[in-house]
Amino acid sequence: MCSSDLDYLVKPFGLSELVARIRAVTRRSRGGTRRSSDDGSAPSAGPPSIGALSVDRRAHRVTLDGVEIALTPKEYDLVALLAGDPGRVFTRSEIFDEVWDPHWYGPTKTLDVHVASLRRKLGDPAWIETVRGVGFRLVDPAS
């Protein structure tokens with residue numbers, strides 16, 4: 001354990017503060033973001049593209065018809081997750097685990113708000129389909 005993994009709480013402390021600190025230390029110890037190997041090899045494939053939508057994970061960019069879309073970090077993470085396997089239905093719990101936190105205690109309505117915002121920014125709500133009672137999937141509305 002390195003010194004950056006250490007944290008200290010002064011008594012008395014709240015349970016929510018303890019949980020937040022544990023999550024932060026866990027996230028730091030995992031290395032934060034996932035990175036590709038630095039062995040100099042070329043990536044196996046380019047950025048995933050679904051019709052006119054392209055998600056470039058390396059540059060952290062989303063473009064639609066060649067025009068970059070300004071997204072918040074959570075919106076980017078959400079569209080990147082959905083674009084990783086287009087057409088696949090991601091359950092709400094899978095999305096929360098990957099985009100937010102495996103132990104998300106906030107309101108689940110936050111996912112609906114982010115999806116609605118993403119649909120507006122993509123210009124066509126048909127990009128993200130709701131599968132009632134299950135979750136969401138990314139599809140090309142032109143196909």
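Is the crossing of α2 and α3 left-handed or right-handed?

1. This is a predicted model, in which local features need pLDDT of at least 70 and side-chain atom pairs count only at pLDDT 80 or more, while totals for chains, interfaces and linings use all residues. Residues are numbered from 1 along each chain as its sequence is written, and side-chain values use heavy atoms, with hydrogens and water left out.

2. The crossing of α2 and α3 is right-handed, a term for a near helix turned clockwise from the far one by less than a right angle, anticlockwise being left-handed. The axes of α2 (residues 73-83) and α3 (residues 92-100) come within 10 Å and cross at roughly 125°, which makes α2 oblique to α3. Helices are DSSP runs of H or I with at least four residues, and strands are runs of E with at least two, numbered from the N terminus. Axes are lines fitted to C-alpha atoms, for helices over the stretch in contact, and angles run from 0 to 180 degrees between N-to-C directions; under 35 degrees is roughly parallel, over 145 roughly antiparallel, 65 to 115 roughly perpendicular, and the rest oblique.

3. From α2, Lys74, Asp77, Leu78 and Leu81 meet Ile95, Glu98, Val99 and Trp100 of α3 (contact means heavy atoms within 4.5 Å).

4. An open sheet is formed by three strands in the order β5-β7-β6, with antiparallel pairing (strands pair if DSSP finds at least two bridges between them). Because β5 (90-91) and β6 (128-131) stand at the edges with a single partner strand each, one side of each is left without a neighbour in the sheet.

5. Four bridges join β6 to β7 (residues 135-138) in the antiparallel sense, and Ile128 stands opposite Leu138 in β7. Helix α4 (residues 109-122) lies across β6 and β7, running at about 145° to β6.
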